[in-house]
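This report walks through a few parts of one protein chain. Please look at the sequence and the structure below before reading on.

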Amino acid sequence: MSLFATLSRSVAFAVMLVITSPAALAQLAPTDEQRQAAVEIADSLRYGHYADITFDEQWSQEAFQRYLDILDGQRSYLLSRDIEPFRHLETSMVEVLFDGNLDDAFELYNRLSDRHVARLEWLLARLDAGLSFEFDSDERLEVDREDAPWANRESELDELWRKRLKNDALTLALTDQDDEQIEANLRQRYEGQLTRLRQTEAEDVFGLLMASVASTIDPHTGYLSPRQGESFDIQMSLSLEGIGALLQADGEYVKVSSLVPGGPADRAGVLEPADRIIAVGQKEGEMVNVVGMRLDNVVDLIRGPKGSVVRLDVVPAQAVDMTRSQIIEITRDTVSLEDQAAKSEIVEVNRDGKPHRIGIINIPTFYVDFDAWQAGEEEYRSTTRDVAREVEKLKQEGVEGIVLDLRNNGGGALQEANSLIGLFIDRGPTVQVRDAQGRIQLYGDTEAGTLYDGPLTVLVNRLSASASEIFAGAIQDYGRGIVVGTPTFGKGTVQTLNDLSHGQIKLTRAKFYRISGDSTQNRGVVPDITFPSLIDPERIGESSLDNALAWDTVQNVQYRRYGSPEDVLATLLSQHEVRAEENPNFRYLEHQSTLSRQLREQHTSVSLNREQRQRELEAREAEQLSLENQRRRALGLPELEEWMDARGDGAESGSPDEDDNNDDMPVDRAHALEAAEILLDYAHLKAIQRMAKR
């Protein structure tokens, strides 16, 4: 792979950071192929990774700790005495990796496997003995135990799991399942986990061990087993038939990290980033509980032939309790270039009773039809060609400015980001790429002339990544336009995929820098004017990932600026704030974002008393519903009776309304229309500046 590595490629097959563990029936041991692969991975990390890694005792301690976190992150299976015989690994993980001495690491996994299987059998035995469905105690269950100490006695874990079992049953009871359904669903969940554990192979253990090694360095470096490498190739060839959602592990759950632009899930509008999937089913038959299931197994369940239907039981990102799930249906399909093609529209902005026409071009990804291009076809499809066509169309319509909408654009072909910038500047540098040796290569637009030199605004959000950040950063650095929205993802690294004698390694090899010298890594691009958003940067984005490489700078390059938007930024911000204060959708986003963060911070434990749990849940949702209905009242819309109903009416969708004068619009649509308002302000202020200079 080359510089065209993107956000979607980095997270599509995130290495299995899942709490499930291998079978206890067979004691698994490393193979000679895996020992050799470990040595090759060590050499790749030492000599090929972008970061300057010191493989010392401190690194060993961190790698060992991450291995424990991967095996038992919630401190729910292993006892302190289980870990003590393996404490020497704290200082010898270097030898494990560089010498291929994997035996003790595998043995620790086997110890965890025995504990995990025993615990599942303990849970099934409790089901056999009959559950008590009297949820009337004052007990509470701690939600997150990643910082908890290791238990010293089995009885401590018995008490923890007694509460967990009770919580699992209560969670199902709160979804109106009867006692028989609850017991059947729990039995299916635990038996399914037990079956999968007993099917675990040595390759799974090796994958988890290498995940602990790679994730100490950066979140985009990782080992791919032969099976994962095959899946990765399918993904990159765009022949994968599924729902078009990129998934990653999140504790015991599988979380949506992003949606493929133009994919089935994106078109359906029923799935959002940070949603958690708790069960998967086909068009007919029972749903399969996937809590605790490995990421690649969940992906296999979701995949299927084009035209078939998959059902997902989803807990919305904004939900504060796992009981608030809903079943959605998505028809599987492939994603074509046409689905991801740039498209334009014209919106009218009224000022002083007069309409002003602003063009908006939505750019879902940076794409190019490589096959047609390599074949020498003159009319091959690409982002730059399609955007140029839309720009010409908008110019003929006499628009007063153009908004380039890069929200949810996870990147793509770097060459397209460079050439697209060239439509708006008269050639020049666009991005710097620094390798591990400190060598910097400069990329840019080499064609003279511009297609459009009028007022320009770039709209971004947290899911704008990689090539999108390069484009937005260059427009900002050149002073070519205004960047508005939310801080971007912060994916400023380049990965390559290298073959090993057994499997492959995805390795971070270089870093992107703007022409100003600032990295896009970790911080992303900070907009000139920031909008509120429901996407939590602590859950989505580079800075939310463990051991993400840091932001830094290199020497800037010589380039000429095309304008000084900063001269009028204070005025633009003031005018925007007045509109935002009066805009129900902006007020909703601001208040809902604050409320969601507060609710998550408060949600450290759950009550095991049914009435108390119900009261707490209703109180939280009442606050969320109140905010939603305030928005709807201000827009003259009918109020909702249930907060979850907002998911079904497009309130969180970014799809455009057919009538821009109708206030019945998704909240994210308000971002696009406000970007148009800001652009019109900017165009008028620029005109005043030109008049003053005459």
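In strand β17, phenylalanine 512 is the bridge partner of valine 433. The model shown here is a predicted one. The pairing of β12 with β17 (residues 504-513) is antiparallel and runs over 4 bridges.

Strand β12 also pairs with β13 (residues 440-445), again in the antiparallel sense, over 6 bridges. Within β13, leucine 442 stands opposite glutamine 432. The hairpin of β12 and β13 has 4 residues between the strands, and glycine 438 has a positive phi there, near 85 degrees. How much of β12 is buried? Of the 8 residues in this strand (residues 428-435), 7 are buried, so β12 is largely enclosed by the rest of the structure.

After the helix comes glycine 479, with a positive phi near 65 degrees.

Glycine 359 has isoleucine 402 in β11 as its bridge partner.

Aromatic rings are the next topic. The count of aromatic pairs is 11. The table gives two of them.

| Pair | Centre to centre | Angle between planes | Type |
|---|---|---|---|
| Phenylalanine 55 and phenylalanine 98 | 5.0 Å | 75 degrees | edge-to-face |
| Phenylalanine 424 and tyrosine 452 | 6.4 Å | 85 degrees | edge-to-face |

Why does the pair of phenylalanine 55 and phenylalanine 98 tie together parts that are apart in sequence? Phenylalanine 55 lies in the loop between α2 (32-48) and α3 (57-72), while phenylalanine 98 lies in helix α5, so the pair joins parts that are 43 residues apart in sequence. Both of these phenylalanines are buried.

The pair of phenylalanine 424 and tyrosine 452 links distant parts of the chain, 28 residues apart. Phenylalanine 424 is in the loop between α15 and β12, and tyrosine 452 is in the loop between β13 and β14. Phenylalanine 424 has a relative accessible area of 1% and is buried. Tyrosine 452 also counts as buried because its relative accessibility is 7%, under the cut-off of 20%.

Two arginines lie over rings. The charged end of arginine 276 sits over the ring of tyrosine 253, at 6.0 Å from its centre. Arginine 560 lies over the face of tyrosine 562, 4.2 Å from the ring centre.

The last stop is leucine 97, in helix α5 (residues 93-98). Is leucine 97 buried or exposed? Its relative accessible area is 0%, so leucine 97 is buried. Leaving aside residues up to four places away in sequence, leucine 97 touches Ala38, Val39, Ile41, Ala42, Leu45, Phe55, Trp59, Met210 and Val213. Arginine 145 is 48 residues from leucine 97 in sequence, and their C-alpha atoms are 29 Å apart in space.

Note on methods
Residues are numbered from 1 along each chain as its sequence is written. This is a predicted model: local features need pLDDT of at least 70, side-chain atom pairs count only at pLDDT 80 or more; totals for chains, interfaces and linings use all residues. Side-chain values use heavy atoms; hydrogens and water are left out. Helices (H or I, at least four residues) and strands (E, at least two) are DSSP runs, numbered from the N terminus. Buried means under 20% relative accessible area, exposed over 50%, partly exposed in between (1.4 Å probe, protein chains only). Contact means heavy atoms within 4.5 Å. Two strands pair if DSSP finds at least two bridges between them. Rings of Phe, Tyr and Trp (its six-membered ring) pair if their centres lie within 6.5 Å; planes under 30 degrees apart count as stacked, over 60 as edge-to-face and the rest as tilted. A charge sits over a ring if NZ of Lys or CZ of Arg is within 6 Å of the ring centre and within 35 degrees of the ring normal.
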